[in-house]
Amino acid sequence: MSSPPPPLPPAPDQAFQEYLRAGELRLQFCTDCAQHIFYPRALCPACGGGALEWRPASGAGVVYSTTTVRQRPERGGDYNVSIIELSEGVRMMSAVRDIAPDAVKIGLEVSASLIEEDGRIAVFFVPTEPAPLAQGGVP
């Protein structure tokens, strides 16, 4: 009789979620080509290498692209969807919170915030500086 095969390593997205549950934002890093990777993958999309390790991410980034999704107030109201370029060079789709959806602008400096929603930990971003006042001096 042959022995059972060794257990498979956790799927990359499962490992990502485990780090988030531990309160850490980590990104994969390819030691073959020195590139950070997001979203989690089994192989490096830049060089095809499999020498990937998890490294802590700074959480610092800037809004690369943004839009406001319009929604009726009874359905939760308007919300923001943004692509954030992290200082490590990867881009992550998320949302910027603690600011009005229409106030999120390209180039806004943000930092990561881990929030539990629907039993999962999600990565959201918050501005690193207070939001500018709207015209007329009203926030």
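Which residue in β8 stands opposite V110? In this predicted model, the position facing V110 is taken by P127 of β8. Strand β7, which spans residues 109–117, is joined to β8 by 8 bridges, and the two run antiparallel.

These strands belong to an open sheet of 5 strands, ordered β6-β5-β4-β7-β8 and paired in antiparallel fashion. The edges are formed by β6 (91–94) and β8 (120–127); each has a single partner strand, so one side of each is left without a neighbour in the sheet. On average, and with direction ignored, neighbouring strands of this sheet are turned by 35° against each other. Helix α1 packs on the sheet through contacts with β7 and β8, and its direction makes about 65° with that of β8.

A further open sheet contains 3 strands in the order β2-β1-β3, again with antiparallel pairing. Here β2 (35–37) and β3 (52–56) stand at the edges with a single partner strand each, so one side of each is left without a neighbour in the sheet. The twist from one strand to the next averages 40°. Strand β1 (residues 26–30) runs antiparallel to β3 and is joined to that strand by 5 bridges; within these strands, Q28 stands opposite W54 of β3. Helix α1 (residues 12–21) packs on this sheet as well, touching β1 and β3, with its direction at about 20° to that of β3.

The protein chain has an average pLDDT of 90, and 88% of the residues score at least 70. Confidence in the chain is lowest in α1, with a mean of 91, and highest in strand β4 (residues 60–69), at 98.

How values were computed
Residues are numbered from 1 along each chain as its sequence is written. This is a predicted model: local features need pLDDT of at least 70, side-chain atom pairs count only at pLDDT 80 or more; totals for chains, interfaces and linings use all residues. Side-chain values use heavy atoms; hydrogens and water are left out. Two strands pair if DSSP finds at least two bridges between them. Helices (H or I, at least four residues) and strands (E, at least two) are DSSP runs, numbered from the N terminus. Axes are lines fitted to C-alpha atoms, for helices over the stretch in contact, and angles run from 0 to 180 degrees between N-to-C directions. Contact means heavy atoms within 4.5 Å. pLDDT is the predictor's confidence in each residue, from 0 to 100.
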